[in-house]
Each structure stands twice: as C-alpha cells, then as structure tokens.
Amino acid sequence: MTIEKLYLVLKRFLASLFILFLIVTLVFVLIRISPGEPTQKYLSPKLSPELAKEVQKSYNLDEPIIVQYFGFIRNMFTGNFGISYEYRMPVLKVISQHLPVTLTLAFFSIIIQLLLGYFFALFSVKRKNTLTDKFLRRASVVMYVTPGSVLGLILIFIFSVHFDLFPSGGFHSYFYDELSFPGQIKDIAAHLILPLLTLSLPGAALFFNYFRDGIEEVLQKDFVLYLKANGFSNKVIFRKHVLPNVLKPVLSVAGIELGFLLSGTLVTEVIFSLPGMGRLMISSILSRDFPLVIACAFVSAMFIILANFIFDIIKVKIDRRIWREILR
Amino acid sequence: MRLKFYFPAILSLLILTSCEKEEFRNTSRVVIAIQSEPETLNPIYAFGINEGVITDHLFLYLLDLKWNATKGDVEAFPMLADKWQWNPDSTSIEIYLRKDAKWIDGKPISAYDVVYSFDIYSDKAVQSRFYGTFKNFYHFENGEVNIQKTFSVKDSFHLIINFMPDKIISLYDLAFPIVPKHVYEKIKRNEIQTAEINFNPVSSGVYKLKKWERNQYIILEANKDCFLYDEDMIKEIIFKVVPDYNSLLTQIKKGEIDFAEDIRPSDARQLGNYKNLKIVPVRGRQYDYVGWSNIDGKYFNETKKIKPHRLFGNKKVRQALSYAINRKEILDQYLLNYGSLCNSPISEIFVNEFDSSLAGFEFNPEKAKQLLEEAGWTDRNKNGVLEKNNFEFSFTLNIPSGNPLREFAATVIKNNLKQVGIETNVEKLEFGVLMDGVLNRKLDAWILAWFIPLPIDLKPYWYSDLTNTQMNFVGYQNRVADDIILNLEKKNSYNTYIELMKRFQRVISDDQPVTFLYWVDNIICYNSRIKNITIDPFGPVQRIWEWRLKN
C-alpha cells in the first residue's frame with residue numbers, strides 16, 4: 001500500500017512538472033507574439049535611437065523566437081530564468097523579494113477565512129431559521145459579491161481615515177528597524193489588519209456558506225440519528241462524524257483559494273501599496289519584462305499545484321478510505 | 001485568570017509601542033509619493049522620472065541648473081565646478097572643481113571622475129541613458145566621446161573640455177551627474193547594468209541612500225559631508241511607492257504623505273480646501289494632442305515610400321478636424337482650467353520663443369464643414385456621414401486605457417466630429433499595445449501626450465526623415481519646417497534663433513500635422529509644513545536640500 005501511495009505521489013509530481021513546462025511554454029509564446037517591446041521605454045527625444053537597438057541586441061530579442069525559446073528552456077533547466085529587464089537582477093531574486101508579503105498574506109488569510117467561516121457557520125446553524133441566521137446568510141452573500149477594491153476603500157475610510165486606528169498602506173513603517181521587537185510585531189500587525197480583512201472577508205463568506213450548508217445537510221443524515229440513539233454525545237458526533245464529512249468540499253475549495261492567494265492578490269496589493277506577487281506580475285507584463293513574466297507565471301502555477309496537493313493530503317488524513325481517489 | 005494576565009500585558013505593550021511610534025514621527029522627515037518603484041539608483045541607467053529625481057539628489061553635477069521664469073530658460077550656478085570660463089568662440093570651457101567635494105566613501109571628487117563619467121556615458125557597451133547624445137563633443141563613429149581630443153586635465157581639480165567647432169554648445173552639454181571612477185573601473189563595463197552599485201551607490205550628493213525596501217520606499221538621509229549640507233535641511237527624504245491613486249489621496253489627506261504629483265483637477269479643487277495642503281501646478285511641459293496619420297502607414301512600411309493618408313493626408317482636412325474639436329470644452333469641464341489651449345509645440349514658459357500671435361483653431365464647426373467640402377468630402381447619400389470617392393469619413397480613435405482625461409476628451413471629440421459628419425469609433429488600448437501600433441504606423445488616429453524636453457528639441461518630432469526621426473509618429477513632412485529645423489542646428493544670432501522658432505510655430509500651426517489640444521498642468525499637492533519649495537518647469541521635485549520644515 002505504501003509503495004502504491006509513493007507511486008501515485010510520484011506520478012502526480014511528474015504530471016505537475018509537465019503542467020509547469022506547458023505553462024511556461026504557453027506564457028513564453030503568448031508574451032512574445034503579443035504587441036509591445038521591452039525597449040519601448042527607450043523611446044524619448046532625449047535618448048539616442050541607437051540605444052534601443054543596442055538594448056534589443058543585448059536581450060537577444062533580435063534572434064528568432066524559436067532560438068530564444070530553446071535558449072530559455074536550456075537555461076531554465078539549470079535554474080536560470082534570466083535577468084529582469086526592469087530590476088537588472090536575476091528574476092528569481094526579484095521574486096524572492098516579493099514572496100514574503102504574498103506568503104504572509106496568503107497564510108494568514110486562508111486561516112482567517114476558514115476560522116471565520118467555520119465559527120460563524122456553527123453560530124448560525126445553532127440558531128437555524130432565526131433572525132440572526134437569516135441576517136448572517138444575507139450578509140455573507142453581500143460580503144462575497146463586494147469587490148475587493150470597494151471593500152478595501154471602505155475599510156480604509158472607516159479604520160484609517162475616520163478612526164485613525166491603522167495605517168492605510170505599506171507592509172511596515174519606515175522606522176521599523178528602529179523599533180523594539182514587540183514594536184516591530186505590532187507595526188507589521190497594524191499594517192496587515194486591513195489588507196487581511198479585505199482579502200479574507202469575501203472568502204470567509206464563501207466558507208461560511210459551505211460550512212453552514214454542509215453541517216445542516218450532514219446533521220439530517222440517518223447515521224447522525226443512529227449515533228444519537230446509541231447515546232453518543234453531540235460533541236463526539238459533531239467532531240468525529242459530522243465535521244469530516246463537511247470538510248471534504250471545503251478543503252477542495254480551500255486548495256483553490258490558497259493557490260489564488262499565493263499567486264498574488266493584485267487589488268489588495270495595489271490599494272494597500274503592498275509589494276507582493278500580484279503587483280510584480282502586472283508591472284512585469286506592462287513593461288514587457290519577458291523573463292520576469294515567465295518566472296512569475298511559473299512560481300504562481302507551482303504554488304497553485306502545491307496548495308492543491310497540500311489540501312489533498314489533508315483530505316486523505318481526514319478520510320483514509322479515499323486516498324486512491326484523491327491522489328490519482 | 002487568563003484574562004487577568006493577558007489584558008494588562010497587551011495594554012502595556014500597546015502603550016509602550018505607541019510612545020515609540022510618536023517619537024519616530026517627530027523626526028525631520030518628508031514623504032514623497034511615487035507611483036512606481038525606481039529600477040535603479042545608478043545615474044547611468046536613470047531612464048525614468050523617479051530614478052532621475054532620486055539620483056539627482058544622490059549625485060552631484062558639474063553645474064547647478066536653475067529655471068529662470070523671466071527669461072524662460074535655465075541659468076547655471078556653481079556645483080562641483082567652482083568656477084568656469086568659456087573661450088571666446090565657445091568651443092571650449094575651462095573648469096575649476098571644488099576641492100572639498102567627496103564621495104561618501106571619503107575619496108575626493110576629481111577631474112578624473114569627470115572625464116571618466118563622459119567616457120562611460122558614451123560607451124556603447126554600457127548602454128547608458130546618454131549613449132549617442134554627445135554629438136557636440138569630439139566623438140568616434142560609434143558615438144563614443146574621443147577622450148584625448150575632448151578633455152585636457154591640468155590637475156586633479158582643473159580641466160578643459162573642448163567641443164566641436166561647428167556646434168551650438170549649451171549648458172545642457174555639461175548637465176551630467178558625475179560618477180566615481182574608482183568604483184566603476186573595477187567593474188567590467190558590460191556588467192555595470194547588473195552590478196550591485198545600481199542598488200547601493202557610492203554617491204556624492206547632499207543626500208545618501210539609507211534604506212531601500214523593495215516596492216515600498218526608499219529612504220535618503222542627509223549627507224553631512226557634502227558641501228551643500230545645511231543644519232536646517234530636512235534630514236530624511238522618503239520616496240514612498242503608492243500605486244493606487246485613491247490610496248494616495250487618502251494618505252495625503254491623513255498626512256502620511258507630504259508631497260504628491262499628478263493630482264487630477266477635480267481632486268485638486270477638493271484638496272485645496274484642506275488647510276494643511278497646498279496646490280501648485282507645473283505649467284507648460286506637457287501637451288495632449290490628437291495624432292492624425294499624415295501618411296499611409298501600411299504603404300510606407302511595405303515600400304518606404306510616402307503616400308498621403310486617405311483621410312488625414314490633406315492639410316485642409318486636418319485643419320477642419322482641428323476647427324471641429326471643442327478643446328475649450330475639455331479644458332473647462334475636465335481640466336477645470338488646470339492647463340491652457342495649445343497651438344504649437346512651444347509653450348508660453350519659453351518666454352522669448354513662444355509665438356503669442358498664433359490664433360489657433362478656435363471651435364468652429366461651420367468653418368470645419370466648409371474646409372471638408374473644399375477637400376471633396378460631402379454627404380451625398382444624406383446618411384449623416386461625409387463621403388469621397390465612395391469612402392465614408394469613418395475612423396478609429398485610439399486612446400490608452402486607464403486615462404480618464406483622454407477618455408473624456410475622446411468622447412467630446414467623437415461628438416464634435418459627428419456634428420460635422422465624421423464617424424469616430426473610440427478604442428481603448430493597453431499602453432504597450434497602443435505604442436506598438438503608433439510606432440509601426442498601424443493606427444490612423446490616437447490621443448497621446450508629448451513631454452517637452454529641455455532644451456527644446458524639435459527635430460525628433462517634426463523632421464521629415466522618418467527612418468531616423470523616431471518621434472515623428474504621424475509621418476509629418478514639410479520642406480520649410482525641415483529647413484528651419486536644420487537652420488536651428490547652426491550657429492545663429494539670438495534674434496535669428498528666436499525668429500526661426502516663431503516661424504516654425506507658424507508653419508506647424510498652419511499644417512496641423514496633429515491637433516494640438518491643450519497644455520496639461522502637472523498638479524502638485526504638498527503639505528504646508530514644507531517651506532521653501534521650488535516648483536517650476538524644471539520639475540516638481542528638485543533642490544530638496546533647500547526645503548525646510550515649519551517648526
């Protein structure tokens with residue numbers, strides 16, 4: 001059984017590598033055939049026209065696309081994604097500078113989403129069909145459909161402008177290095193509360209509905225009645241029998257959501273001036289920074305695959321019977 | 001029990017850290033908003049405006065150029081050069097450098113650094129932002145400055161720069177930041193682009209880099225060893241990256257940002273009501289225009305020959321289009337008069353060159369209809385759209401997406417042109433795609449802006465050689481204009497120069513290769529706690545060392 005598990009994991013790993021290769025190829029072709037050149041920024045009455053030609057040569061953009069592609073693939077297999085045209089440093093180094101913000105946001109946001117969704121769902125189910133339940137269900141729909149940009153601006157207006165509780169942007173203050181350790185923790189926390197709320201509230205509303213409907217549905221199943229009749233306490237029934245059944249669809253969605261968060265959350269990053277992957281990717285597309293666009297796509301795709309894999313493993317942990325179905 | 005423990009602990013932590021924050025807020029510090037992050041702090045590659053502004057405060061120039069509003073030109077004051085002397089025919093300049101200027105690593109700035117800077121800026125392998133621009137210096141065919149012929153170093157602080165005899169030399173020829181030879185010469189020239197000095201420069205300016213937090217902010221701190229240093233100057237300048245415009249407004253209202261540019265006119269009115277904020281426009285450096293492709297772009301790309309554009313190739317049609325567009329409506333309704341009507345590529349900030357007698361093309365639909373009829377465009381089938389040779393007058397006007405001013409202008413223009421029987425489809429394109437279309441002559445019409453370089457340079461925009469004139473997107477060709485441009489490159493008396501500039505404006509205004517719309521002010525908003533700010537056409541963020549904070 002362990003060998004079969006290992007085989008399935010290996011098979012999935014190889015399939016993931018193939019998908020990554022396809023994504024990189026697709027992005028390479030798409031970005032090269034779309035209009036626009038990285039040397040457009042060298043167009044200025046103050047700059048010599050020869051400069052753009054020289055730069056184009058140094059980026060190897062004067063070579064045929066197929067030659068560029070094979071050169072790129074060869075370098076990629078040695079872990080070299082090239083030098084960013086904009087940042088003038090290896091693209092992986094650029095990405096490593098933007099990843100901490102994205103990782104922090106994604107990690108905390110998915111936890112907040114799941115916890116808020118879960119606890120509100122529990123609260124709502126216990127008050128089924130009461131005014132509170134109805135209110136929470138309606139509010140969750142409103143929260144889910146509110147665009148991140150609107151939600152972010154509302155939160156900034158209330159908590160930053162009106163009450164002046166939190167800063168309206170940035171990852172930490174300019175004087176961060178000069179703060180004491182508790183001061184640094186507080187500084188980062190103060191900067192991240194509003195972005196995290198902006199990122200998490202719509203997701204929490206989604207999980208709320210998944211949890212609430214799931215719990216309600218499972219509680220009505222015959223086996224729950226059977227367990228109750230056999231004298232099991234409500235706590236045990238809920239923890240050991242209801243929750244695992246509810247979690248399966250929730251974890252599938254959580255995998256997708258985490259992948260989405262890890263690939264960058266553009267709107268939140270722009271509104272709160274956070275240096276994350278979303279902003280990096282968009283700016284690299286707009287400036288036609290080809291190596292950086294491809295590397296960003298690669299890293300994002302890798303995270304999406306990884307996030308789904310992690311949640312699949314959790315699903316297997318919860319329900320060992322279905323590992324074949326999940327890992328396949 | 002647990003609450004009893006945690007509550008006082010958290011409370012005391014909050015109080016402690018709040019006091020700490022207050023203490024740091026009181027530092028002599030100014031925060032300037034920038035929309036995107038600088039790529040480098042190396043003046044060699046400071047292609048963007050933000051990089052330029054920051055490196056201008058990190059590196060010293062030979063001369064300190066200031067804008068003189070009365071003259072409408074720049075004036076030079078000493079910076080690294082303590083004094084200088086031109087020879088009688090202005091073909092060489094003798095420069096005496098200050099002896100107290102130092103790099104931040106303590107080494108003195110010498111004449112050898114000056115020579116090396118010009119050497120490296122003109123080197124093909126370096127791909128600097130100044131490559132190919134040393135036409136007035138003795139240079140080789142590949143554009144590199146001939147160091148032997150151009151420079152004569154008398155001693156470490158005394159040098160002579162020789163220029164080519166038949167060129168017009170201006171102070172701008174010396175307006176280059178000086179870089180440290182002892183640092184750069186250790187790096188292979190073709191590797192400077194990716195070297196560490198791009199991010200940790202060995203600078204000489206009145207500010208030096210304190211911290212660069214990627215995509216967040218750059219902190220510059222006062223350099224006490226610089227001769228420009230003054231006890232009262234602001235000790236820290238922070239360039240904060242704020243990509244979202246609405247966040248920028250919130251932050252400037254809250255006082256998190258002290259200085260921001262490119263404020264929209266409607267917001268400028270609102271921000272002006274805040275007592276702690278000041279609004280100042282920078283005038284006359286940028287104008288919006290409607291580009292009409294004067295030539296058939298497809299035919300030109302295929303044959304490199306000129307064929308007039310089927311719609312806009314005729315001067316009368318272009319004049320009619322300019323008469324048909326109500327520029328004042330856009331100026332009044334969107335720009336709220338933060339700008340002025342534009343009649344030629346020379347604005348009134350150039351006091352002497354500007355031709356105030358130009359009447360411009362005032363909104364006149366009747367005159368537009370008459371001119372169109374004279375050009376053969378009539379509405380024979382009475383469907384509301386003009387025709388000529390079975391072609392309807394219909395075209396696509398392209399604008400860059402995400403620019404509210406141009407979206408507004410495009411809507412006004414579409415409605416205006418409809419009145420005279422012209423059908424316009426407005427299409428928004430991502431900027432890179434739009435520029436690709438413009439550069440490859442795929443588009444018929446577009447709205448873009450031109451930023452006016454200092455000194456005024458007409459050739460890149462209006463000279464007929466379409467292969468080498470990279471900014472002449474519309475394919476404008478006029479022999480009279482060419483003659484004027486070439487004459488401007490020769491040595492002329494000042495009066496002749498002014499007369500040539502005015503003649504050029506008359507020619508181009510009559511030809512209307514583009515419809516000159518309006519000069520757009522760059523609206524600056526800053527916190528009134530900052531004093532002694534210089535805001536003029538030379539740039540909104542300049543000479544920060546002269547800024548002071550109100551006590």
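Visitor: What does chain A span along its principal axes?

Guide: The C-alpha trace of chain A spans about 85 × 60 × 40 Å. Of its 328 residues, 38% count as buried. Take the contacts in chain A with a separation of 6 or more: residues 24 or more positions apart account for 72% of them.

Visitor: Let's pick one residue. Is Thr2(A) buried or exposed?

Guide: Thr2(A) is exposed because it has 6 other C-beta atoms within 10 Å. You'll find Thr2(A) in helix H1 of chain A, residues 2-33. As for distances, Thr2(A) and Tyr176(A) are 174 residues apart in sequence and 49 Å apart in space, C-alpha to C-alpha.

Visitor: On to the contact between the chains. How many residues does each chain bring?

Guide: Chain A puts in 47 residues and chain B 46 residues. On the chain A side, the helices that each supply at least two residues are H2 (49-58), H4 (91-126), H6 (148-162), H7 (181-219), H10 (266-271) and H11 (277-286). The largest share, six residues, comes from H2(A). By class, the side of chain A that touches chain B has 23 nonpolar, 14 polar and ten charged residues.

Visitor: And what scores come with the model?

Guide: As a general idea, where pLDDT is low, the predicted coordinates should not be read in detail. For chain B, the mean pLDDT is 91, and 95% of its residues reach 70 or more. The model as a whole scores ipTM 0.80 and pTM 0.87.

Visitor: Then let's look inside chain B. How many residues of helix H9 are buried?

Guide: For this one, buried calls for 20 or more other C-beta atoms within 10 Å. Helix H9 of chain B, residues 315-324, is mostly covered, with eight of its ten residues buried. Those are Val317(B), Arg318(B), Gln319(B), Ala320(B), Leu321(B), Ser322(B), Tyr323(B) and Ala324(B).

Notes:
Residues numbered from 1 in each chain as written. Chains lettered and ligands numbered in written order. Predicted model: local features only at pLDDT ≥ 70, side-chain atom pairs only at ≥ 80, totals over all residues. Buried ≥ 20, exposed ≤ 12 C-beta atoms within 10 Å, placed from the backbone. Helix = DSSP H or I, 4+ residues; strand = E, 2+ residues; numbered from the N terminus. Contact = placed C-beta atoms within 7 Å. pLDDT = per-residue confidence, 0-100. Nonpolar A, V, L, I, M, F, W, Y, C, P; charged D, E, K, R; others polar.
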